Amino acid sequence: MEEVKVSTLQKAVVVMATALFFSLLFLKTNKLVVISGVSMEPTLQDGDIVLANSIVGLTPGEIYVVKEPENGLIVVKRLIGIPGDTIRFVNGDTYRNGILVSKRTSECWDNQTMTLGPDEYLLVGDNREKSYDGRHWSRFVHLSEFQYQITTRLYPFDNTGKVG
């Protein structure tokens with residue numbers, strides 16, 4: 001039996017082709033997003049790089065990339081309400097169906113109550129005082145406007161890991 005010798009160049013080509021294949025496959029279902037602005041502080045900081053995955057299901061409390069309903073801008077916000085939910089802002093705190101979901105110091109939209117209809121989703125920034133979000137838009141976000149779910153912070157390197 002004759003031994004087949006594989007050159008270093010051939011090995012490099014195979015490795016590069018394999019890496020390209022998996023990169024293209026990865027980028028088809030995932031995107032890298034650079035956070036711009038302060039609306040998601042303290043969870044996400046301006047300049048953070050995060051991994052955005054295809055959406056499997058919508059879960060209140062998770063962070064999503066959505067198309068803003070007013071002007072089509074792509075924004076990153078936290079989902080706090082889904083169809084049928086009643087959202088109430090009281091003394092800076094946020095309640096979903098009567099259950100406290102976040103304590104905040106913001107009094108923006110204090111003492112407001114809203115009930116979401118079919119295909120209505122409420123998304124807000126974690127930095128309620130500095131976020132232009134679903135509390136201000138002319139209408140709620142629709143399912144078709146969801147793009148990706150933010151799952152992992154990749155940068156800065158000293159703060160990598162799951163986002164939520």
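The model is predicted: local features need pLDDT of at least 70, side-chain atom pairs count only at pLDDT 80 or more, and totals for chains, interfaces and linings use all residues. Residues are numbered from 1 along each chain as its sequence is written, and side-chain values use heavy atoms, without hydrogens and water.

pLDDT is the predictor's confidence in each residue, from 0 to 100. The chain averages 86, and 82% of its residues reach 70 or more. Helices (H or I, at least four residues) and strands (E, at least two) are DSSP runs, numbered from the N terminus.

Four strands form an open, antiparallel sheet, ordered β7-β6-β5-β8. Strands pair if DSSP finds at least two bridges between them. β7 (99–103) and β8 (112–115) are the edge strands, each pairing on one side only. β6 (residues 93–96) and β7 share four bridges. Asp-93 stands opposite Lys-103 in β7.

Next, the largest pocket. A pocket is an open set of points on a 1 Å grid over the protein atoms alone, where a 1.4 Å probe fits, with protein on both sides within 12 Å along at least five of seven lines; lining residues have an atom within 4 Å of a point. β1 (30–34) and β4 (74–81) each supply at least two lining residues. β4 gives the most, with four. Val-33, Gly-37 and Lys-77 are among the lining residues.
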